[in-house]
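Have a look at the fold before reading on.

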Amino acid sequence: MDEKKQLIKRWHSLLNSLGIDNATKEILLAQYGVSSSTELDVWQLKQLCNSLQKDDPRDAARKRLLKILKDWAQLKGIREDIEYLKGIAERAAGNMSFNQISLSRLNSLYNAFLQQSKDIRTAKQLSVSQS
């Protein structure tokens, strides 16, 4: 798939995930003097997508969740690659796409894996001190 098609897909995905209605979408496109995203060039699409993505508070929560999942995976001695960790988060969230997990669920998962990591560390420290 060429870059412009990927960006148009990303644009529509961002609109959907952020709950942006048609009226707001038209206002955003009008800033570029167009009525359809297909009329934008690659640079304009990148600029538009990046501006929307900065507005999504779930981005920071996703990164935070992936960081604690990596820590958790290291403690458990399991794979640490991003796709595998995203799969763990998706299953924990009920088999939904990683990018569609709600902010409250991302925070909940973060706290759950943080607590598990703390528990694993405590258990390892106890077993070392009792040896």
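**Inside the core**

Leucine 65 touches Ala89, Phe98, Leu106, Leu109, Tyr110 and Phe113, leaving aside residues up to four places away in sequence (a contact is heavy atoms within 4.5 Å). This is a predicted model, where local features need pLDDT of at least 70, side-chain atom pairs count only at pLDDT 80 or more, and totals for chains, interfaces and linings use all residues. Residues are numbered from 1 along each chain as its sequence is written, and side-chain values use heavy atoms, with hydrogens and water left out.

Leu65 is also among the residues with the most contacts inside the largest nonpolar core, alongside Leu69, Trp72 and Phe113; that core has 19 residues. By nonpolar core I mean buried Ala, Val, Leu, Ile, Met, Phe, Trp, Tyr and Cys residues joined through side-chain atoms within 4.5 Å, with buried being under 20% relative accessible area (1.4 Å probe, protein chains only). Helices H4 (58-76), H5 (82-92) and H6 (103-129) each give it two or more residues; helices here are DSSP runs of H or I, at least four residues, numbered from the N terminus. H4 supplies the largest share, eight residues. Apart from this core lies another, of 13 residues, including Leu7, Ile8, Leu15 and Leu28.

How do H5 and H6 pack? Their angle is about 110°, with axes 11 Å apart (lines fitted to C-alpha atoms over the stretch in contact, angles running from 0 to 180 degrees between N-to-C directions). The two are therefore roughly perpendicular, a label covering 65 to 115 degrees. Ile88, Ala89 and Ala92 of H5 meet Arg105, Leu109 and Phe113 of H6.

Technical notes:
Buried means under 20% relative accessible area, exposed over 50%, partly exposed in between (1.4 Å probe, protein chains only). Angles under 35 degrees count as roughly parallel, over 145 as roughly antiparallel, 65 to 115 as roughly perpendicular and the rest as oblique.
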